[in-house]
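Colleague: Could you walk me through the labels on this one? I'd like to hear the cut-offs behind each of them.

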Amino acid sequence: MSEKISLITWMANIHIRFVTWRRGNKVGTDRFGNTYYRCPSAIAGVKERRWVIYAGEPDASKVPPEWHSWLHHTTKDPLPEGNSAFHKPWQKEHLPNLSGSLQAYRPPGHQYAGGQRVRATGDYEPWTPG
(Lines give C-alpha, C1' and ligand atoms only; values in the text may rest on other atoms or scores of the structure.)
Protein backbone atom coordinates (compact mmCIF):
# COMPACT_ATOMS: atom_id res chain seq x y z
CA MET A 1 0.00 0.00 0.00
CA SER A 2 1.28 3.44 -0.85
CA GLU A 3 -0.53 5.48 1.83
CA LYS A 4 -0.14 5.09 5.57
CA ILE A 5 -3.21 3.60 7.21
CA SER A 6 -4.47 3.60 10.78
CA LEU A 7 -4.07 0.63 13.11
CA ILE A 8 -7.82 -0.03 13.06
CA THR A 9 -7.82 -0.14 9.26
CA TRP A 10 -4.80 -2.45 9.28
CA MET A 11 -6.48 -4.83 11.72
CA ALA A 12 -9.73 -4.85 9.71
CA ASN A 13 -7.73 -5.56 6.56
CA ILE A 14 -6.39 -8.78 8.11
CA HIS A 15 -9.91 -10.22 8.17
CA ILE A 16 -10.84 -8.81 4.77
CA ARG A 17 -7.67 -10.19 3.18
CA PHE A 18 -8.30 -13.62 4.74
CA VAL A 19 -11.84 -13.75 3.30
CA THR A 20 -10.50 -12.49 -0.02
CA TRP A 21 -7.78 -15.16 -0.06
CA ARG A 22 -10.34 -17.90 0.70
CA ARG A 23 -13.27 -16.87 -1.52
CA GLY A 24 -12.39 -13.87 -3.65
CA ASN A 25 -11.87 -13.83 -7.38
CA LYS A 26 -9.94 -10.75 -8.49
CA VAL A 27 -11.82 -8.77 -11.13
CA GLY A 28 -9.49 -5.83 -11.65
CA THR A 29 -7.75 -2.70 -10.39
CA ASP A 30 -8.62 0.94 -10.95
CA ARG A 31 -6.37 3.97 -11.57
CA PHE A 32 -6.24 4.74 -7.82
CA GLY A 33 -4.83 1.31 -6.96
CA ASN A 34 -8.07 -0.10 -5.49
CA THR A 35 -8.56 -3.80 -6.17
CA TYR A 36 -12.01 -5.29 -6.85
CA TYR A 37 -13.15 -8.82 -6.04
CA ARG A 38 -16.21 -10.99 -6.31
CA CYS A 39 -17.41 -14.22 -4.77
CA PRO A 40 -19.85 -16.01 -7.08
CA SER A 41 -22.81 -17.31 -5.11
CA ALA A 42 -23.63 -21.00 -5.36
CA ILE A 43 -27.25 -20.37 -4.33
CA ALA A 44 -29.66 -19.77 -7.19
CA GLY A 45 -31.34 -16.36 -7.10
CA VAL A 46 -28.73 -14.76 -4.82
CA LYS A 47 -26.48 -12.06 -6.24
CA GLU A 48 -22.76 -12.59 -6.12
CA ARG A 49 -20.90 -10.67 -3.41
CA ARG A 50 -18.67 -7.86 -4.69
CA TRP A 51 -16.18 -5.78 -2.70
CA VAL A 52 -13.20 -3.47 -2.94
CA ILE A 53 -9.90 -3.36 -1.08
CA TYR A 54 -8.80 0.26 -1.00
CA ALA A 55 -5.26 1.45 -1.59
CA GLY A 56 -4.60 3.35 1.64
CA GLU A 57 -7.32 4.59 3.98
CA PRO A 58 -10.83 3.43 3.08
CA ASP A 59 -12.76 6.23 1.39
CA ALA A 60 -15.83 5.39 -0.68
CA SER A 61 -15.30 8.52 -2.77
CA LYS A 62 -12.16 6.86 -4.21
CA VAL A 63 -14.28 4.44 -6.25
CA PRO A 64 -14.60 5.67 -9.86
CA PRO A 65 -18.08 5.62 -11.47
CA GLU A 66 -17.11 2.73 -13.74
CA TRP A 67 -16.44 0.50 -10.77
CA HIS A 68 -19.25 1.94 -8.62
CA SER A 69 -21.84 0.72 -11.11
CA TRP A 70 -20.27 -2.74 -11.07
CA LEU A 71 -20.09 -2.89 -7.24
CA HIS A 72 -23.81 -2.07 -6.98
CA HIS A 73 -24.88 -4.60 -9.63
CA THR A 74 -25.93 -1.91 -12.13
CA THR A 75 -23.72 -3.48 -14.79
CA LYS A 76 -22.66 -7.10 -15.20
CA ASP A 77 -19.06 -6.21 -16.05
CA PRO A 78 -17.10 -3.09 -15.05
CA LEU A 79 -17.15 -0.32 -17.65
CA PRO A 80 -13.83 0.47 -19.36
CA GLU A 81 -11.85 3.15 -17.54
CA GLY A 82 -10.73 6.29 -19.30
CA ASN A 83 -13.22 5.85 -22.14
CA SER A 84 -13.94 9.28 -23.63
CA ALA A 85 -17.59 8.28 -24.14
CA PHE A 86 -18.05 8.27 -20.35
CA HIS A 87 -15.77 11.16 -19.38
CA LYS A 88 -16.80 14.69 -20.27
CA PRO A 89 -14.35 17.61 -20.62
CA TRP A 90 -16.02 19.49 -17.76
CA GLN A 91 -15.50 16.64 -15.26
CA LYS A 92 -12.82 17.17 -12.63
CA GLU A 93 -10.36 14.55 -11.45
CA HIS A 94 -11.10 12.82 -8.16
CA LEU A 95 -10.51 14.76 -4.95
CA PRO A 96 -10.84 12.77 -1.72
CA ASN A 97 -13.26 13.82 0.98
CA LEU A 98 -11.26 16.31 3.06
CA SER A 99 -13.83 16.81 5.84
CA GLY A 100 -12.18 16.49 9.23
CA SER A 101 -8.67 16.88 7.84
CA LEU A 102 -6.27 19.81 7.92
CA GLN A 103 -7.03 20.47 4.23
CA ALA A 104 -10.80 20.85 4.83
CA TYR A 105 -12.47 24.03 3.59
CA ARG A 106 -12.76 26.68 6.27
CA PRO A 107 -14.80 29.77 5.41
CA PRO A 108 -13.64 33.26 6.36
CA GLY A 109 -14.31 33.79 10.06
CA HIS A 110 -13.72 30.16 11.04
CA GLN A 111 -11.67 29.77 14.23
CA TYR A 112 -8.91 27.88 12.41
CA ALA A 113 -8.82 30.52 9.65
CA GLY A 114 -8.13 33.41 12.02
CA GLY A 115 -11.60 33.95 13.46
CA GLN A 116 -12.21 37.26 11.65
CA ARG A 117 -13.98 37.83 8.39
CA VAL A 118 -14.09 40.86 6.15
CA ARG A 119 -17.05 43.12 6.91
CA ALA A 120 -19.75 43.13 4.28
CA THR A 121 -22.09 45.95 3.31
CA GLY A 122 -25.27 45.71 5.32
CA ASP A 123 -23.45 43.54 7.82
CA TYR A 124 -25.39 42.13 10.73
CA GLU A 125 -25.61 44.27 13.86
CA PRO A 126 -26.74 42.51 17.02
CA TRP A 127 -29.65 43.91 18.98
CA THR A 128 -28.73 45.77 22.14
CA PRO A 129 -31.34 46.64 24.72
CA GLY A 130 -31.85 50.37 24.86
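Modeller: Here is how the labels come about, one by one. This is a predicted model, where local features need pLDDT of at least 70, side-chain atom pairs count only at pLDDT 80 or more, and totals for chains, interfaces and linings use all residues. Residues are numbered from 1 along each chain as its sequence is written, and side-chain values use heavy atoms, with hydrogens and water left out.

Colleague: Salt bridges, then. How many does a search of the whole structure find?

Modeller: Three. The term means a side-chain nitrogen of Lys or Arg within 4 Å of a carboxyl oxygen of Asp or Glu.

Colleague: What makes R31 and E66 a salt bridge?

Modeller: Their N to O distance is 4.0 Å, and the cut-off is within 4 Å, so the pair is counted. R31 sits in the loop between β1 (25-29) and β2 (35-39) and E66 in helix α2 (residues 65-71), so the pair ties together parts that are 35 residues apart in sequence. Helices (H or I, at least four residues) and strands (E, at least two) are DSSP runs, numbered from the N terminus.

Colleague: Why is E66 called buried, and what is R31 called?

Modeller: Buried means under 20% relative accessible area, exposed means over 50%, and partly exposed is in between (1.4 Å probe, protein chains only). E66 has 2%, so E66 is buried. R31 has 41%, so R31 is partly exposed.

Colleague: On to the rings. What makes Y36 and W67 a stacked pair?

Modeller: Rings of Phe, Tyr and Trp (its six-membered ring) pair if their centres lie within 6.5 Å; planes under 30 degrees apart count as stacked, over 60 as edge-to-face and the rest as tilted. The whole structure has five aromatic pairs. For Y36 and W67 the centres are 4.1 Å apart and the planes are at 5°, so the pair is stacked. Y36 lies in strand β2 and W67 in helix α2, so the pair ties together parts that are 31 residues apart in sequence. Both Y36 and W67 are buried.

Colleague: And why are Y37 and W51 called stacked?

Modeller: Their centres are 6.1 Å apart and their planes at 20°, so this pair is stacked. Y37 lies in strand β2 and W51 in strand β3, so parts 14 residues apart in sequence are tied together. Y37 has a relative accessible area of 15%, so Y37 is buried. W51 has 10%, so W51 counts as buried as well.

Colleague: Which residues form one aromatic cluster?

Modeller: Y36, W67 and W70.

Colleague: How do you know that R49 lies over the face of W51?

Modeller: A charge sits over a ring if NZ of Lys or CZ of Arg is within 6 Å of the ring centre and within 35 degrees of the ring normal. R49 is at 5.0 Å from the ring centre of W51 and lies over its face.

Colleague: What makes H73 stand out in its phi?

Modeller: Phi of H73 is near 60°, a positive value in a residue other than glycine. Most residues other than glycine have a negative phi. H73 is in the segment after α2, and at 28% relative accessibility H73 counts as partly exposed.

Colleague: Last one: which residues form the nonpolar patch on the surface?

Modeller: L7, W10, M11 and I14, with about 460 Å² of accessible area together. I14 is in helix α1 (residues 7-23), and at 48% relative accessibility I14 counts as partly exposed. Patches are made of residues with over 30% relative accessible area and no salt bridge; like charges are joined within 9 Å, nonpolar side chains (Val, Leu, Ile, Met, Phe, Trp, Tyr) within 5 Å. Accessible areas come from the Shrake-Rupley method with a 1.4 Å probe, and for residues only the protein chains shown count as cover.
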